[in-house]
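Good morning, and thank you for making time for this item. Please look at the chain on the screen, and I shall then take you through it.

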Amino acid sequence: MISLSDLQNDADTRKYLDRADEVLGAIGYTEHGRRHANVTAKRARSLLEALARPPRQCELAGIAAYLHVIGNVVNR
């Protein structure tokens, strides 16, 4: 199973996050790179933990939050 840690250490994922940050920066958005991805992942995971969800669901929330900006590489 893939983990948030796997994605945070994956070179391709880091490249996509960096590129998404560049794209969003070019159209006037504030920082949406790795720092943003880590903050949102931590918050999503914490929220599900506070709701007493199973550990894997908490991990998946963190993963989804970590990756949510990547779509801006192709969408913006």
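By about how much of a helix are arginine 45 and glutamate 49 separated in helix 3? The two are separated by about one helical turn, because they are 4 residues apart in that helix. I shall return to this pair after some remarks on the model.

This is a predicted model, in which local features need pLDDT of at least 70 and side-chain atom pairs count only at pLDDT 80 or more, while totals for chains, interfaces and linings use all residues. Residues are numbered from 1 along each chain as its sequence is written, and side-chain values use heavy atoms, with hydrogens and water left out.

Let me begin with the overall architecture. The chain holds 5 helices and 0 strands; helices are DSSP runs of H or I with at least four residues, strands are runs of E with at least two, and both are numbered from the N terminus. Read from the N terminus, the order of elements is α-α-α-α-α. The C-alpha trace spans about 40 × 25 × 20 Å along its principal axes. Of the 76 residues in the chain, 33% are buried. Here buried means under 20% relative accessible area, exposed means over 50%, and partly exposed lies in between, with a 1.4 Å probe and protein chains only. The accessible surface amounts to about 4,900 Å², and 55% of it belongs to carbon and sulfur atoms; these areas come from the Shrake-Rupley method with a 1.4 Å probe, and for residues only the protein chains shown count as cover. As for contacts, meaning heavy atoms within 4.5 Å, 65% of those between residues at least 6 apart in sequence join residues at least 24 apart.

I turn now to the interior. In soluble globular proteins, nonpolar side chains tend to be buried together. A nonpolar core is taken here as a set of buried Ala, Val, Leu, Ile, Met, Phe, Trp, Tyr and Cys residues joined through side-chain atoms within 4.5 Å. The largest one in this chain has 8 residues, namely Leu4, Leu7, Leu17, Ala37, Ala41, Ile63, Tyr66 and Ile70. At least two residues of this core come from each of helix 1 (4–8), helix 3 and helix 4. With neighbours within four places in sequence left aside, leucine 7 is in contact with Ile2, Thr13, Ile63, Tyr66 and Leu67.

Two further buried positions deserve mention. Valine 23, in helix 2 (residues 11–26), is buried at a relative accessible area of 13%. Histidine 36 belongs to helix 3 and is buried, at 17%. Neighbours within four places aside, histidine 36 touches Glu31, His68 and Val69.

Next, the charged side chains. A salt bridge is a side-chain nitrogen of Lys or Arg within 4 Å of a carboxyl oxygen of Asp or Glu, and by this rule the count is 5. Which residues form a network with Arg45? Arg45, Glu49 and Glu59 are linked in a network of salt bridges. Glutamate 59 counts as buried, at 11% relative accessibility.

Another bridge joins the side chains of glutamate 31 and arginine 35, at 3.1 Å from N to O. Glutamate 31 is partly exposed, at 29%, whereas arginine 35 is exposed, at 53%.

I close with a backbone detail. Most residues other than glycine have a negative phi. Alanine 52 sits in the loop between helix 3 (34–50) and helix 4 (55–67), and it is exposed, with a relative accessible area of 64%.
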